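Me: I have just opened this one and would like a guided look. Could you start with the terms and then take me through it?

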Amino acid sequence: MANPAPRDRIASARDHLDHLPASKRRELAHVVRVLFEEFTTALAGATQNWKCMGRILKLVLYGSHTRGDWVHDPVGGFHSDYDILVVVNDEHLTDFELRSAAEDRLMPTSPSTKR
């Protein structure tokens, strides 16, 4: 059984993203899409039961974007990142190898961008 569609899978302490500008909501939708795509790819063809049954249970946005105090400073080059907790149904799914492909797709390549 495939993971549910990424739509509406971001949760925050506020349980909505209405406080974010449309551009931030689009960026987060892209992040969710990438997380689900890479998770599905990482588990494709799995034979171990924990991988076959692997699921993302919840995505939780926290930090500055939830509080509303994120930084976007084009002059200084600092932009707040998104803090997202990915809750999965098996401890094995927390291994770095399973998330590195998503990180590679999502992390900016510019040396001036700080994490």
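Reply: Helices (H or I, at least four residues) and strands (E, at least two) are DSSP runs, numbered from the N terminus. This is a predicted model, in which local features need pLDDT of at least 70 and side-chain atom pairs count only at pLDDT 80 or more, while totals for chains, interfaces and linings use all residues. Residues are numbered from 1 along each chain as its sequence is written, and side-chain values use heavy atoms, with hydrogens and water left out.

Me: Fine, what does the secondary structure of the chain come to?

Reply: The chain has four helices and five strands, and along the sequence they follow the pattern β-α-α-β-α-β-β-β-α.

Me: And what is the mean pLDDT of the chain?

Reply: The mean pLDDT (the predictor's confidence in each residue, from 0 to 100) is 81, and 77% of the residues reach 70 or more. Over residues 5-13 the pLDDT is below 50, although this stretch has 22 contacts (heavy atoms within 4.5 Å) in the model beyond near neighbours in sequence. The pLDDT is also below 50 over residues 110-115, a stretch with seven such contacts. Where pLDDT is low, the predicted coordinates should not be read in detail.

Me: Which strand is Ile84 in, and which residues does it touch?

Reply: Ile84 lies in strand S5, residues 83-88, and, leaving aside residues up to four places away in sequence, Ile84 touches Leu28, Val31, Leu35, Leu59, Val60, Leu61 and Tyr62. Ile84 and Leu59 are 25 residues apart in sequence, yet their C-alpha atoms are 6.5 Å apart in space.

Me: Why isn't Ile84 counted as buried?

Reply: Ile84 is partly exposed because its relative accessible area is 25%, where buried means under 20%, exposed over 50% and partly exposed in between (1.4 Å probe, protein chains only).

Me: Switching to the core, which residues make up the largest nonpolar one?

Reply: A nonpolar core is a set of buried Ala, Val, Leu, Ile, Met, Phe, Trp, Tyr and Cys residues joined through side-chain atoms within 4.5 Å. The largest has twelve residues, including Leu35, Ile56, Leu59, Val88, Leu93 and Ala102. Helix H1 gives the largest share, seven residues.

Me: How many residues does H1 have, and how far does it reach?

Reply: Helix H1 covers residues 22-43, so by the rule of 1.5 Å times one less than its number of residues its 22 residues have an expected span of 32 Å, and the helix reaches 32 Å from its first C-alpha to its last. Just after H1, Gly45 takes a positive phi of about 75°.
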